Amino acid sequence: MGIFRCMGAVALLTLAGCREQKGMSDDVISQNDIYTVTADSVVQGRWVAVAKSPLEIESNYRSPRETAVESLLTFRLSVNSRDNELPVGQAHYAFVGADTTVCFGVTQAKPTAAAQPLAHNVKWTLRVDARVIFEQFEEKGFYTTPTGDVVHKEDFRGVGINGNIAPLNWSYEYPRYLEPTGEPGIYAITLTMNPEIAADDASHSWRIDAENRDFPQFASPYTLVDALYNMAIADIVRCQRPDGTYRAGVEWDGVWTRDVSYSIYLALAYLDPARAMESLKAKVKNDRIIQDTGTGGSWPVSTDRIVWIMAAWEIYKVTADKDWLRYAYDVARNSIEDDRLVALDRATGLMHGEQSYLDWRSQSYPRWMQPKDIYESMCLGTNVAFAQAFFALDAMADELGVDTDYKDQGKRIKDAINQNLWQEEKGYYSAYLYGGVMPVKSPSLDNLGQALSVIFGIADDDRAETLVERTPITTFGTPSIYPRRTEVTPYHNDAVWPFVQAYWNIAAARVGNENVLRRGLGAMYRAAALFGTHKELFVASTGDYSGTPVNSDAQLWSSTGCVAMIFRVFAGMEFKTGGIEFNPFIPSCFPASMSIKGFRYRNAVIDLEIEGAGNDIAEIEIDGRRTDDNFFPASMEGQHSIHITMKQGREYSQNATVTAIEDMPDTPVTTTRADGSDSVLNAAAGAKYATIEKGSANFTTRAIVAHGAKYESFMSCPADVTAADAVKIYQCEEFATPGTSLVEGTRSKHFVEISTTANTDISIPVVVPAAGTYYVDVRYANGSGPINTDNRCAVRMLFVNTHLQGAIVMPQRGSGEWLNTGFSNRLAVDLLGGKNVLQIMYVEPYCTNMNGEVNTALIDYVRLIKK
């Protein structure tokens with residue numbers, strides 16, 4: 001009898017218990033209350049996919065794209081694509097069908113009348129009286145929204161609307177903008193509400209005429225698995241570009257650093273190393289890795305470009321190409337040395353920067369976090385990638401006969417991850433530290449980061465086994481982030497990404513957890529078979545591919561993830577500089593033999609056959625000769641055969657934490673009362689609130705967290721509480737040439753424009769009464785691009801008394817918004833009693849951003865806070 005233990009709404013299930021509960025037959029790969037995946041089919045209620053042969057899957061799946069919609073619209077307005085009209089918990093309401101007029105910043109009571117079903121394609125016109133904005137523009141030159149956001153007249157870009165009925169959504173970066181009516185301050189828009197979506201009439205069946213002989217052939221008695229492998233190969237080919245590189249997916253034509261790098265580790269390094277090399281070369285500029293466009297203007301707000309190094313090393317291990325190694329080492333070294341100076345946090349030993357691949361900030365961070373806050377955060381996945389990058393660089397250096405300290409730096413990051421992000425009481429890692437110079441653990445999970453921590457040995461064996469067992473997984477798979485945020489549209493939130501599931505499955509195999517592995521295989525195989533392609537993602541709560549802003553067919557890393565199940569899991573291939581190590585994991589549902597033929601490795605071609613199930617090798621033969629070594633030497637050339645017989649070895653934990661989708665409590669929005677205490681503006685019934693407070697008599701940061709039944713919320717925006725004499729302001733125009741053409745009128749003289757040529761070295765003498773630690777940050781504007789994308793983040797280095805302290809990072813704050821000011825990241829520095837000199841310098845190459853040319857900000861003042 002398998003174990004069945006209840007933990008609230010969460011069940012810890014062993015595989016035996018699952019099989020006994022569901023009556024799983026021998027050909028069942030995975031089964032739950034919603035769907036069953038067998039050797040040749042997927043059945044999910046009325047939706048069925050059947051593998052007719054290894055070349056064809058017949059599917060009757062149709063996306064249930066529409067749900068019943070009621071006529072009551074909830075909406076909010078915004079200025080300049082920011083959620084800044086109303087405090088959290090307030091909104092406008094309207095019954096769609098009757099034209100509506102509202103005043104900007106003024107709410108109405110929610111109607112008590114019952115909403116009626118809303119027909120399709122209903123025209124609705126909204127008029128907004130925004131005269132209050134323009135009145136304040138004329139009176140003061142700026143408008144302060146009810147949320148406290150300040151919008152200057154020169155920065156005004158328009159009024160937008162977001163809401164809960166299509167075509168509206170709650171992504172404030174992408175509102176529908178209203179048009180001026182010609183009447184002063186009056187804006188309007190006419191929308192077709194609840195638009196009828198064409199029925200999903202396209203066939204999701206899949207078929208090819210023949211296997212692609214340019215790639216290895218896989219065969220087994222499990223027709224569905226064979227067909228999905230062949231589908232994955234076909235989808236990978238669809239991602240080949242004419243220039244010899246790989247696109248990210250059929251809807252993502254460009255070469256993306258993280259997409260191609262994760263895909264190279266999963267499969268491309270050994271399937272197509274030449275095109276993998278060209279893809280990585282396409283992501284190099286000025287002998288450094290390109291960070292793709294991202295939050296606040298890309299690097300160094302985002303720093304996960306270093307996954308390129310992992311991929312480059314994997315290619316070398318497969319090919320032994322020394323020219324490639326020398327090229328990759330130089331690029332990797334240049335990039336990581338920049339990162340060490342710009343992104344290393346001296347207090348924790350972790351690296352700053354956005355979560356790896358989770359680059360849509362509203363999906364995985366609380367709304368109050370600005371790009372500078374995201375830069376200051378320290379994330380699990382990105383730091384695991386950094387640790388592995390340092391280990392890979394050390395190995396590259398060894399191959400080239402170069403002495404480095406990279407291995408030691410990798411160990412320091414590994415130790416810092418385990419010290420700062422592991423949650424002993426939960427048995428898994430936090431997704432990130434956040435909150436500035438006094439950070440706390442996020443209540444959310446990053447399951448790519450967790451999987452990588454197992455695969456690359458960041459988690460020790462006990463922690464690895466525990467986190468695979470105790471991380472919540474759902475019916476449709478392992479969610480990329482967890483728990484769900486109900487106010488955020490599914491994309492990274494409430495989503496299963498097949499490539500993340502693939503890494504999770506590899507991690508489950510590493511710790512011998514067949515139960516978790518089979519559930520993960522079922523999640524991948526169900527989706528690909530029903531959808532007829534390897535989609536970018538699907539919604540975790542529904543299992544469907546619709547309902548997300550974008551979703552590509554033939555996504556590269558999803559396809560390579562499916563391939564990796566054959567080579568990385570079933571065959572257990574690990575590439576070493578001297579050959580291939582085999583550590584197969586064959587789940588008990590695959591007792592018959594499977595084969596890989598035509599696998600090209602250096603100067604050899606390998607035919608591999610694996611017989612039986614288990615997690616240990618009973619016997620291995622190479623070219624008919626039995627060997628005690630599970631290693632194929634790289635020195636072997638020509639045609640070779642390998643035969644592996646499996647057995648069940650060590651018994652590992654088979655527990656899995658299977659749960660329904662759980663929701664995170666809303667992030668508290670707070671205000672300070674007259675007595676100095678905090679009030680929660682969006683307090684929820686039944687929620688309990690706790691205060692987090694860190695600091696000293698001079699400087700304290702304080703926030704509030706909501707505790708729900710099972711999970712806690714993100715903390716509220718931290719409030720700084722400083723002693724009266726703890727803060728000093730140094731107006732920058734007193735120490736550098738003032739003025740800028742980016743701001744009109746006399747206000748321009750209050751700023752110092754910095755660029756790659758202007759004010760590249762600003763020295764500021766400061767006098768403090770006593771030696772000690774002080775915080776330094778900069779009040780600045782950067783209107784070079786939007787808050788959510790592009791590549792013009794401004795970067796400078798801070799020196800104190802000629803000693804380098806770290807980077808001052810000034811992300812973009814809105815296109816053309818040169819009066820929209822905010823603070824940079826905050827650095828802790830040690831000052832002498834008396835006179836000190838702060839220097840803000842543009843230092844190449846470390847300050848060179850991803851744009852290379854535009855590296856501009858306007859500095860208002862420098863702030864000094866006594867710790």
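Biologist: In which sense do S11 and S17 pair, and over how many bridges?

Modeller: S11 and S17 pair in the antiparallel sense, over eight bridges, where two strands pair if DSSP finds at least two bridges between them. Helices (H or I, at least four residues) and strands (E, at least two) are DSSP runs, numbered from the N terminus. This is a predicted model in which local features need pLDDT of at least 70 and side-chain atom pairs count only at pLDDT 80 or more, while totals for chains, interfaces and linings use all residues. Residues are numbered from 1 along each chain as its sequence is written, and side-chain values use heavy atoms, with hydrogens and water left out.

Biologist: What sheet do they belong to, and which are the edge strands?

Modeller: The sheet is open and has four strands in the order S10-S11-S17-S16, with mixed pairing. Its edge strands are S10 (100-103) and S16 (179-180), each of which pairs on one side only. S10 and S11 (residues 122-129) run parallel and are joined by four bridges.

Biologist: Which residue stands opposite Val-102, and what is the bridge partner of Val-128 in S17?

Modeller: Val-102 stands opposite Val-128 in S11, and Val-128 in turn has Tyr-187 as its bridge partner in S17.

Biologist: Switching to rings, how many aromatic pairs are there?

Modeller: The count comes to 54 aromatic pairs, taking rings of Phe, Tyr and Trp (its six-membered ring) as paired if their centres lie within 6.5 Å, with planes under 30 degrees apart called stacked, over 60 edge-to-face and the rest tilted. One of them is the stacked pair of Phe-134 and Tyr-187, at 6.2 Å centre to centre and with 10° between the planes. This pair links distant parts of the chain, since Phe-134 is in helix H2 (residues 131-140) and Tyr-187 in strand S17 (residues 186-193), 53 residues apart.

Biologist: Is Tyr-187 buried or exposed, and what about Phe-134?

Modeller: Tyr-187 counts as buried at 9% relative accessibility, whereas Phe-134 is partly exposed, with a relative accessible area of 26%. Here buried means under 20% relative accessible area, exposed means over 50%, and partly exposed lies in between (1.4 Å probe, protein chains only).

Biologist: And why is the pair of Tyr-262 and Phe-499 called tilted?

Modeller: Their ring centres are 5.7 Å apart and their planes stand at 40°, so the pair is tilted. That pair also links distant parts of the chain, with Tyr-262 in helix H4 (residues 257-271) and Phe-499 in helix H14 (residues 498-510), 237 residues apart. Both Tyr-262 and Phe-499 are buried, and ring pairs link them into a cluster whose members include Tyr-265, Trp-360, Tyr-503 and Trp-557.

Biologist: OK, H12 next: how many of its residues are buried, and what covers them?

Modeller: Nine of the nine residues of helix H12 (residues 447-455) are buried, so the helix is largely enclosed by the rest of the structure. Among those buried residues are Asn-447, Gln-450 and Ile-455. The cover includes H4 and H14, together with helix H10 (380-400), strand S24 (428-429), strand S27 (445-446) and helix H13 (461-470).

Biologist: Which residues line the largest cavity?

Modeller: The lining of the largest cavity includes Gly-435, Met-438, Lys-694, Arg-702 and Pro-718. Strands S42 (688-695) and S43 (699-707) each supply at least two of the lining residues, and the largest share, three residues, comes from S43.

Biologist: What about the second largest pocket, which residues are closest to its centre?

Modeller: The second largest pocket has a volume of about 570 Å³. It is lined by 28 residues, of which Asp-345, Arg-346, Ala-347, Leu-827 and Ala-828 are the closest to its centre.

Key:
On a 1 Å grid over the protein atoms alone, a cavity is a set of points where a 1.4 Å probe fits but cannot get out, and a pocket is an open set with protein on both sides within 12 Å along at least five of seven lines; lining residues have an atom within 4 Å of a point. Contact means heavy atoms within 4.5 Å. Grid points are joined across faces, edges and corners, and a volume is the space filled by probe spheres set on the points.
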